[in-house]
Number of protein chains: 2
Amino acid sequence: MTILIENALMLDGKRADTLIEENRIAAINPKQKDRSDVVIDATKKAIVPGLFNMHTHAAMILLKGYADDYELHEWLTQHIFPMEAKLKPKHVYYGTLLACAEMIHSGTTCFNDMYFFEEEIAKAVERAGMRAVVSKALTTQSYNRAEAKKAIKKLSDFERVLPALGPHAIYTTDKETLCDVKELASELDVLIHFHLSETKKEVEDCLKEHGKRPAEYLKEIGFLSNRVINAHCVWLNEREIKIVAESGAKMVSCPTSNLKLASGIAPLTEIVDAGIATMLGTDGSASNNSLNMFETIKLASLLQKYKQWDATALPAEQAFELATINAAKALNLKAGVIKEGFLADLCLIDLTHISMVPCYNLISNIVFSAEPACVDTVICNGRILMENRVIGWEADIKEKAMQVAEELLSE
Amino acid sequence: MTILIENALMLDGKRADTLIEENRIAAINPKQKDRSDVVIDATKKAIVPGLFNMHTHAAMILLKGYADDYELHEWLTQHIFPMEAKLKPKHVYYGTLLACAEMIHSGTTCFNDMYFFEEEIAKAVERAGMRAVVSKALTTQSYNRAEAKKAIKKLSDFERVLPALGPHAIYTTDKETLCDVKELASELDVLIHFHLSETKKEVEDCLKEHGKRPAEYLKEIGFLSNRVINAHCVWLNEREIKIVAESGAKMVSCPTSNLKLASGIAPLTEIVDAGIATMLGTDGSASNNSLNMFETIKLASLLQKYKQWDATALPAEQAFELATINAAKALNLKAGVIKEGFLADLCLIDLTHISMVPCYNLISNIVFSAEPACVDTVICNGRILMENRVIGWEADIKEKAMQVAEELLSE
């Protein structure tokens with residue numbers, strides 16, 4: 001199928017026509033444009049790359065607002081873990097699909113997920129039409145090499161799904177497991193999705209147990225490499241930032257979740273300056289409680305301005321890159337910009353939406369003013385997932401997700 | 001006119017019918033409900049008090065995204081002041097109306113404004129149907145007692161407008177002016193809207209000039225009283241918090257703006273604990289760049305969790321009060337809750353909106369998950385300002401505002 005998007009405002013302030021053929025952007029301002037299957041008049045719209053939500057636990061949307069304003073340990077052990085123990089595949093499938101609807105509404109076309117029942121996640125991604133990294137989540141307790149291998153093989157069968165291994169964190173996954181996961185990731189040529197240095201407690205416990213800080217410990221056991229995507233990194237010190245940079249490992253900041261759980265503010269400016277591939281994520285809905293990447297991009301920029309005492313820190317353009325091109329590069333996807341030959345993963349923004357008026361600087365408005373409702377159309381892999389703010393399957397899934405959530409809570 | 005809102009979810013988790021007569025909530029679960037002019041089926045909706053945006057410069061929406069990521073001094077002197085010098089009444093009128101549309105969309109029914117051409121602001125408030133505190137903005141340079149008096153008199157003629165005096169800040173308004181404003185406010189029985197301790201520089205300059213910190217200086221000259229609403233208060237220390245508390249003066253925190261301009265995080269928990277009447281505001285769109293109070297409420301809570309290293313700090317319920325009942329009390333309005341006899345300033349939230357699914361705890365969802373687009377209907381003073389997300393005059397005003405903004409920028 002071919003889609004022609006006419007006369008959209010681009011991030012450089014110019015207007016252009018964008019031709020999509022199959023799953024790629026075939027041309028910007030094509031000479032021939034009379035044979036498109038679908039033509040979209042974008043005179044009142046802007047065209048921007050789809051956002052990448054690079055750390056989340058999508059199905060946790062079923063626990064959104066279920067337990068707020070608790071201390072992290074109490075939150076996990078008294079409220080979240082007991083619920084998660086009752087999860088069945090259907091909860092993960094419908095939960096992930098509901099999360100996909102929220103992400104599509106807020107302009108996200110790709111997400112990096114870590115949760116139970118990974119095959120259900122992949123099925124939901126397939127149905128939603130999005131792109132995703134889906135991890136086989138594991139801890140020392142649950143890890144089994146043969147099973148992990150089988151899971152990766154199964155995930156590989158899904159279109160638009162990048163399989164990954166998801167060892168949880170140093171306090172749930174021991175040295176032996178981490179080293180084995182590292183080897184397996186090399187063997188299968190997949191990414192590793194990991195939680196690193198989220199809380200001060202993690203650092204303190206690591207110092208007690210290993211006499212080293214988390215990144216130092218991971219370097220020592222040889223875990224870090226350019227396959228590893230480290231979520232959080234709130235407590236990395238200068239030496240650890242250097243270690244992560246030298247290893248080629250990547251980093252995802254989740255500013256909203258880190259504030260909500262009183263974990264802290266990641267040293268994002270220093271991490272970016274050290275040359276680490278840096279991205280953004282919302283984290284799961286139970287600790288955010290939203291999958292709105294516009295909020296996350298804005299907060300990432302604002303918190304660095306605060307932390308650096310410098311209103312020029314992490315400006316709009318750079319913050320936007322963290323949520324687009326940086327993630328595409330980290331996943332080795334030709335995506336994240338509107339350019340010939342790149343994947344047709346993109347959004348049309350309604351420039352008449354109240355949050356976008358006036359619009360002197362499109363990037364500024366997207367980073368500091370945009371609300372999800374300004375996203376009019378979302379295209380992923382050349383297919384329209386949402387048009388005029390309507391997702392065909394949304395109402396059904398909401399109902400189904402509410403139903404399984406109620407079952408979960410009343411069990 | 002009477003409006004009956006049937007079967008809406010209330011903040012206490014129960015369902016109820018709400019009867020509005022004239023500008024008041026006449027009854028909750030009225031016995032007789034068959035004679036209403038308008039009946040709204042709210043089975044899929046929640047009813048909540050309208051939000052109070054207690055510090056803004058609404059017309060600055062015309063400068064939204066015009067100059068971002070600059071250092072505060074450069075931002076003001078190189079970008080904002082030169083534009084403001086060119087402002088004409090029409091810019092303030094259409095800018096304020098555009099801001100009203102954005103505020104109504106995000107559930108705000110009352111705002112506290114400070115800007116030039118106060119009569120234009122009042123006209124815009126009248127046209128929009130909102131409620132507002134409108135200040136006669138002044139500095140030592142511009143202050144003239146007779147003119148200020150005249151301005152207050154004119155503002156008093158507008159329905160739903162509470163007139164106030166708006167001396168800008170200690171670095172633009174000297175002791176003599178502040179003392180005169182204080183006297184005049186008593187004479188006219190109006191509030192005073194003021195900027196206090198927004199930046200570290202303000203504190204340092206005050207220490208240099210007066211040998212005292214800002215609140216100490218204001219106490220010394222006798223300026224503080226329960227008439228004064230202090231915006232920002234980022235740099236108040238323990239002693240100053242006590243001074244403000246003892247004076248009865250009120251406080252408005254603007255967390256988003258304070259981060260964006262790298263001003264800091266206000267000691268909100270300490271301020272609330274000291275018994276100061278505490279509220280929230282967005283500040284103007286040039287330093288935010290949004291008038292979305294949901295964002296402000298969430299950020300206020302999140303930043304206190306971070307600042308206190310305590311995930312239980314400023315919980316959802318308390319954060320919501322800062323944006324509703326606290327402000328109503330500060331303005332001496334019987335509003336801010338859904339209760340018989342209170343002003344009919346309220347919103348209906350669409351519980352099927354993607355940001356509100358699932359909904360275990362309405363306050364949690366409103367504080368941590370709500371997007372403006374979940375606001376379906378807004379009623380102020382018993383009159384419907386928005387229904388099904390539609391504001392009748394919005395399209396016209398957007399066009400007109402864009403037009404005058406272009407004129408302003410091209411002059």
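Across the interface of domain 1 and domain 2 of chain A, 3 residue pairs are in polar contact, both residues being at pLDDT 80 or more; a polar contact is a pair of N or O atoms within 3.5 Å, where within protein one must be able to donate a hydrogen and the other to accept it, and residues adjacent in sequence count only if both atoms are side-chain atoms. This is a predicted model, in which local features need pLDDT of at least 70 and side-chain atom pairs count only at pLDDT 80 or more, while totals for chains, interfaces and linings use all residues. Residues are numbered from 1 along each chain as its sequence is written, and side-chain values use heavy atoms, with hydrogens and water left out.

Domain 1 of chain A comprises 2-49 + 336-389 and domain 2 comprises 51-330, with bounds from an automatic or database domain assignment. Their C-alpha centres lie 28 Å apart.

The table sets out the buried area, that is, the accessible area (1.4 Å probe) that two parts lose on being put together, summed over both.

| Interface | Buried area | Carbon and sulfur share |
|---|---|---|
| Domain 1 and domain 2 of chain A | about 2100 Å² | 71% |
| Chain A and chain B | about 4800 Å² | 65% |

Between the domains there is 1 salt bridge (a side-chain nitrogen of Lys or Arg within 4 Å of a carboxyl oxygen of Asp or Glu), and A:Asp345 forms a salt bridge with A:Arg131, with the closest N and O atoms 2.7 Å apart. Between chain A and chain B the count is 4 salt bridges, and A:Asp69 is joined to B:Lys305 by a salt bridge at 2.4 Å, N to O.

Notes. Chains are lettered from A and ligands numbered from 1 in the order in which they are written.
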